[in-house]
Amino acid sequence: MPVAVVDEKFLPSDLQRDALLEWVGRRARNGRTLRAFLSSIAFAALRPQEALALRVRDTQLLDGESGALMIRPRPLSGSDAVTGNVTGAPRVVPACPKLVEILRAEVARRGLHPEDAMFTHEDGLPLSGAIYRRVWRQAREAVLETHEIDSPLARSVGDLRDARISTWLKDHRTALDVLMVAERVGVSASSLVRRFPHCFQQSREAANDLIEAAFAVSTEGESRHVALKSVARQRSAG
C-alpha cells in the first residue's frame with residue numbers, strides 16, 4: 001500500500017489554524033479542553049491517540065519558556081506500519097511557549113494532578129474520536145469560506161499534525177535536521193521524504209543529499225551518525 005503524499009495547498013495556514021482553534025475554545029461545552037487537545041496536535045505534531053494518552057506527569061511546562069512532552073510508545077497498527085511510524089523507547093517532543101501556556105492554563109483550570117490525563121471531558125470521562133471529529137467539522141463550517149469547506153482543506157484533525165511537520169521540514173538545513181524531525185514525530189526519515197516532497201524543493205543537489213541520508217538510515221538500519229559519515233565520505237570522494 002503506497003504512502004499518501006501530503007498536498008501542501010490543503011494544509012491549514014497559521015491564520016486558519018489559529019482561527020479554528022479559537023472557535024473551538026469558545027464552545028461552552030468542553031471548548032477549552034478541546035482547544036488544548038487540538039493545540040497539542042497543531043504545535044507539537046502529536047497524533048490524536050498520543051495526545052489522548054498524555055498525562056500531566058509526561059509534560060514539562062515552565063512558565064514563559066519552551067517545554068517538552070514525553071510520548072510513550074504504543075502498539076503498531078496496520079496504518080502505522082504503512083506510513084513508516086516507529087515504536088520503541090519514549091520520545092521527547094518540544095513544546096513551544098504558546099503550547100506551554102495553553103497546557104499550563106488547562107492544568108491550573110481543572111486542578112489536574114501528575115497522574116491525571118491531560119485531556120478529558122469536564123466530567124472526567126475520556127474524549128472520544130467521535131466528539132473531537134464532530135467539533136472539528138463544526139469549526140470548519142464556522143470558520144472557513146464556502147469553497148474551502150467543500151475542499152480537502154484541513155478536512156481532518158490530522159492535517160494539523162501534517163502542517164506542523166511541514167513547517168519543521170521546511171526549516172531544515174542538513175540531513176541531520178531531517179532525521180531529527182523524523183525522531184521527533186515518531187516516523188522513519190524515508191517516510192517523511194515520500195509524504196512531504198514539497199518540503200524538499202530546493203536545489204537538486206542539496207535535496208538529493210538530504211533524501212540519500214534519510215533513506216540510508218531507514219532502509220539500511222544504520223545509526224544517525226553512521227549514515228551522516230557515509231554521506232560525508234561520498235561527498236569527499238566526489
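Which residues are buried in helix α9 (residues 175–185)? They are Ala175, Val178, Leu179, Val181, Ala182, Arg184 and Val185, where buried means under 20% relative accessible area, exposed means over 50% and partly exposed lies in between, with a 1.4 Å probe and protein chains only. This is a predicted model, in which local features need pLDDT of at least 70 and side-chain atom pairs count only at pLDDT 80 or more, while totals for chains, interfaces and linings use all residues. Residues are numbered from 1 along each chain as its sequence is written, and side-chain values use heavy atoms, with hydrogens and water left out.

**Overall make-up**

- The chain has 12 helices and three strands; helices (H or I, at least four residues) and strands (E, at least two) are DSSP runs, numbered from the N terminus.
- Of the 238 residues of the chain, 46% count as buried.
- Among the contacts in the chain with a separation of 6 or more, 66% are between residues 24 or more positions apart, a contact being heavy atoms within 4.5 Å.

**The nonpolar core**

- In soluble globular proteins, nonpolar side chains tend to be buried together.
- The largest nonpolar core here has 57 residues, and those with the most contacts inside it are Leu38, Leu69, Met118, Phe119, Leu169 and Leu192; such a core is a set of buried Ala, Val, Leu, Ile, Met, Phe, Trp, Tyr and Cys residues joined through side-chain atoms within 4.5 Å.
- Helix α2 (residues 31–44) gives the largest share of this core, namely eight residues.
- Leucine 38 touches Leu21, Val24, Trp136, Val157 and Leu160, when residues up to four places away in sequence are not counted.

**Two helices packed together**

- Two packed helices are described by the angle between their axes and the distance between the axes.
- For α2 and α8 the angle is about 25 degrees and the axes are 6 Å apart; axes are lines fitted to C-alpha atoms, for helices over the stretch in contact, and angles run from 0 to 180 degrees between N-to-C directions.
- The helices α2 and α8 are therefore roughly parallel to each other, a term for angles under 35 degrees, while those over 145 count as roughly antiparallel, 65 to 115 as roughly perpendicular and the rest as oblique.
- Where these helices meet, α2 brings Leu38, Ile41, Ala42, Phe43 and Ala44, and α8 brings Leu160, Arg161, Arg164 and Trp168.

**Aromatic rings and charges**

- The structure holds two aromatic pairs; rings of Phe, Tyr and Trp (its six-membered ring) pair if their centres lie within 6.5 Å, and planes under 30 degrees apart count as stacked, over 60 as edge-to-face and the rest as tilted.
- Phenylalanine 37 and phenylalanine 119 form an edge-to-face pair, with 5.8 Å centre to centre and 70 degrees between the planes.
- This pair links distant parts of the chain, 82 residues apart, since phenylalanine 37 is in helix α2 and phenylalanine 119 is in the loop between α5 (97–110) and α6 (129–143).
- The rings of phenylalanine 37 and tyrosine 132 have their centres 4.9 Å apart and their planes at 45 degrees, so this pair is tilted.
- Both phenylalanine 37 and tyrosine 132 are buried, and ring pairs link Phe37, Phe119 and Tyr132 into a cluster.
- Arginine 133 lies over the face of tyrosine 132, at 5.7 Å from the ring centre; a charge sits over a ring if NZ of Lys or CZ of Arg is within 6 Å of the ring centre and within 35 degrees of the ring normal.
- The charged end of arginine 184 sits over the ring of tryptophan 168, at 4.5 Å from its centre.

- Phenylalanine 196 is in the loop between α10 (189–195) and α11 (204–220), and it counts as buried because its relative accessibility is 1%.
- Phenylalanine 196 and valine 6 are 190 residues apart in sequence, yet 5.7 Å apart in space, C-alpha to C-alpha.
- Serine 166 lies in helix α8 (residues 158–170) and is buried, with a relative accessible area of 3%.
- Leaving aside neighbours within four places in sequence, serine 166 is in contact with Leu11, Phe196, His198 and Cys199.

**Positive phi values**

- Most residues other than glycine have a negative phi, and most peptide bonds are trans.
- Alanine 45, in the loop between α2 and α3 (48–53), has a positive phi of about 60 degrees although it is not a glycine.
- Alanine 154, in the loop between α7 (146–149) and α8, has a positive phi near 50 degrees.
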